[in-house]
Amino acid sequence: MLKGKHVLIGVTGSIAAYKAAYLVRLLVKEGAEVKVVMTAAAKHFITPLTLATLSRNPILTEFFNPENGQWNSHVSLGLWADLFLIAPASANTLSKMAHGIADNLLLTTYLSAKCPVMAAPAMDLDMYAHPATQESMDILRARGVEIIEAASGELASGLDGKGRMEEPEAIMRRVNALFSRRESLKGRRAVVTSGPTREAIDPVRFISNHSSGKMASAIADELARRGAEVTVVSGPAAVRPSEPGIRIVDVVSARQMYEATVAEYDKGSDITVLCAAVADFTPESVSPVKIKKDGSAMTIDLVPTEDIAAAIGSRRRQDGVVAGFALETDHAEDNAMGKLRRKNMDMIVLNSLEDPGAGFGVDTNKVTIFFRDGSRRDVPMASKAEVASSIVDSIEKLLN
Ligand code: PMT
């Protein structure tokens, strides 16, 4: 399963560091090539010799070897890895990762890594529950780090609670799932619309909305991580996808988004996710000069924009999946089901502005996915990265 995979293990200062030895052994047994980077604190808990022997590679702890000046390149380490798994991840390291602190080789490698990153926290229960630690984990999740939640049980302090690093066998299941998932959409082409559109009123003013592009970027990144070839048609969004290889077509107006999305769909799209918050109306005419105020009220005549989802729905391929979104403020389920039918989509993801922490701008979302056959799937409040993973799981089920 892991034959030929490069797994970089990061070990930080925690009593659970002893479990890293067993984890390294399991990875090597499954055919992975393993390298280990340790923090200085980790060496108090497990010796580099143990991990070097088990991984069959020298252990990296410093930026350079003080004896011969040889440089340990965090950039090449980050590029070498197919997976960077930090286990155990201490509260200190999680916090530094979340805030971009780069004061040891493990952290500089994390900041340079292009591969998926997993972290298995280990600490005392109060440290784990502390808002600072929870916030660090939320920040990391939102950036795509897969946090392997700590388990509950007896802790080194003698207390009982949540904070134990997950057992190596359970971590191995997550590693195997990640690698099998990565291949699951290989050869598939995906088109994702993202962000708001801007409808010009005059050269300086426009009508738009609050979409940041976070939800669409998380979906595009998840599709790319699973091996799909992804194109994002993006309005002027603050957030862009971060996975390498994603093609971005920049547009501004609903008209431009319509043209670009239909063109991309017609090239052949197995998965189409219409996540953009497209303006439903646009000014009938755009003033060529800045409109001056003259003290009186003004009226702008608006006309409907093209409905991209309906256009894609009308040419929907039976062997592909078209997923839309519905952003509602009232009668949410009825409205979402109505859009699913009218726009002829395979599934629609409902998020409601009535739910705090869901919808525009925030890092989290809470959605319900409705399918053509009338079934539904509730996805509880989680980071947009985790919600994206559930949405893509549902897309995959429909594809297969
Ligand atoms: O970008 P974020 O800040 O992360 O916020 C995410 C989000 C809230 C924008 C996203 O989760 C979301 O709900 N996107 C759809 C918003 C929307 O326009 O919903 P709607 O109910 O108005 O539209 C229904 C569907 O039709 C959507 O798939 C939309 O992309 C599509 N549509 C709408 C109008 C139009 N002219 N063309 C379309 O294709």
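What follows is a walk through the predicted model, from the whole chain down to single residues.

Residues are counted from 1 along each chain as its sequence is written. Because this is a prediction, local features need pLDDT of at least 70 and side-chain atom pairs count only at pLDDT 80 or more, while totals for chains, interfaces and linings use all residues; side-chain values rest on heavy atoms, with hydrogens and water left out.

The protein chain has 13 helices and 19 strands, taken as DSSP runs numbered from the N terminus (helices H or I, at least four residues; strands E, at least two). Its C-alpha atoms fill a box of roughly 75 × 50 × 40 Å along the principal axes. Of its 400 residues, 52% count as buried (under 20% relative accessible area; exposed is over 50%, partly exposed in between, with a 1.4 Å probe and protein chains only). Among contacts (heavy atoms within 4.5 Å) with a separation of 6 or more, 67% link residues 24 or more positions apart.

One piece to look at is an open sheet of five strands, in the order 2-1-3-4-5 with parallel pairing; two strands pair if DSSP finds at least two bridges between them. Strand 2 (33-38) and strand 5 (146-147) sit at the edges, each pairing on one side only. Strand 5 is joined to strand 4 (residues 117-121) by two bridges, and Glu146 in strand 5 is the bridge partner of Met118. Helix 8 (residues 168-183) packs on this sheet, touching strands 1, 3, 4 and 5, at about 160° to strand 3. Helix 5 (residues 105-112) lies across strands 1, 2, 3 and 4, at about 140° to strand 3. Such angles run from 0 to 180 degrees between N-to-C directions, with axes fitted to C-alpha atoms, for helices over the stretch in contact.

Helix 4 (residues 91-98) is largely enclosed by the rest of the structure, because six of its eight residues are buried. These are Ala91, Thr93, Leu94, Lys96, Met97 and Ala98. Their cover includes strand 3, helix 5, strand 4, helix 6 (125-129), helix 7 (131-142) and strand 5. Just after helix 4 comes Gly100, with a positive phi of about 70°.

As for side chains, Lys35 lies over the face of Trp80, 4.6 Å from the ring centre (the rule asks for NZ of Lys or CZ of Arg within 6 Å of the ring centre and within 35 degrees of the ring normal). Cys115 counts as buried because its relative accessibility is 12%. The structure holds zero disulfides, meaning pairs of cysteine sulfur atoms within 2.5 Å.
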